[in-house]
Amino acid sequence: EAGVQIASDEFLVALAKRTREVGAVLIYDEIQCGLSRTGTFWAHRNLPKEAHPDVLTTAKALGNGFPVGAVIVNKRVGEKIKVGDHGTTFGGNPLACRLAHYMVSQLSRPELQADVLVKSDVFRDRFRKLQDRFPDLVAEVRGRGLILGLQLTQDPAAIVQAARERGLLIITAGTNTLRFVPSLTITVGEIKQGLDILEDAMAATLV
């Protein structure tokens, strides 16, 4: 929501070290970036082990539209939680749990994760071309997998409006950033079609 900003490995290692020095727990919110959104099941998977969290939150894709969320803790935290410490009114709903179980089985498939990375490359390649065509507009490409941000040098409101008028719904995040978080099942053809519209919208607003 801040513009698809990726924390560096060094920062997260230092943060984890500090939390353990002061007896705090390190909590990662992977509600948006987890469940293969970045091309690995959890976004933190490629971090150094010392930067892994004590507590992890997940939801949204976990239920594929059905309301469900989960909190995952490591052994250190789990040993300190007693019955009643972490309660929830609707926790353990059988239908929600069954759906979550199925979604995990689907979202953890290696072929799906590989496909996410292929589609990410399609986005990035086109973003680089947009940067070449509009060097005074497109400043930076950020993100990983299918959670990407295109940093612009000006307010993108006119581009968002022009894209909407042409049939493409797109939103912003942070300051002057276009945010791309499509369905993991989006096709390469749909990506190209959408980015054709985006390029046309950019060109129209810069005339």
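Predicted model: local features only at pLDDT ≥ 70, side-chain atom pairs only at ≥ 80, totals over all residues.
**Entry: overall build.** I looked up the secondary structure and found 6 helices and 7 strands in the protein chain. Reading from the N terminus, I noted the order α-β-β-β-α-α-α-β-β-α-β-β-α. I also wrote down the extent of the C-alpha trace, which spans about 65 × 40 × 30 Å along its principal axes.

Entry: I then turned to area. The size of an interface is often given as the accessible area lost when the parts come together. For domain 1 and domain 2 the buried area is about 980 Å², and carbon and sulfur atoms give 51% of that. Which residues of domain 1 lose the most area to domain 2? They are Arg37, Thr38 and Gly39, which together make up 53% of what the domain 1 side buries.

**Entry: what kind of contacts.** I searched for salt bridges across the interface of domain 1 and domain 2, and the rule finds 0. Polar contacts do turn up there: I noted 4 residue pairs between the two domains.

**Entry: salt bridges elsewhere.** I looked at the whole structure next and noted 12 salt bridges. Side chains of opposite charge can pair when their charged atoms come close. One that I picked out joins the side chains of Lys129 and Asp125, at 3.4 Å from N to O. Both residues belong to helix 4 (residues 110-133). Lys129 and Asp125 sit 4 residues apart there, about one turn of the helix.

**Entry: a hairpin.** Last, I followed strand 4 (residues 138-144) into strand 5 (residues 147-152) and saw that they pair in the antiparallel sense over 6 bridges. These two strands form a hairpin with 2 residues between them. Arg144 stands opposite Ile147 in strand 5. In the turn I noted Gly145, with a positive phi of about 60 degrees.

Note on methods:
Residues numbered from 1 in each chain as written. Heavy atoms only, no water. Buried area = accessible area lost by both parts, 1.4 Å probe. Salt bridge = Lys/Arg side-chain N within 4 Å of Asp/Glu carboxyl O. Polar contact = N/O pair within 3.5 Å; in protein donor to acceptor, adjacent residues only side chain to side chain. Pairing = 2+ DSSP bridges.
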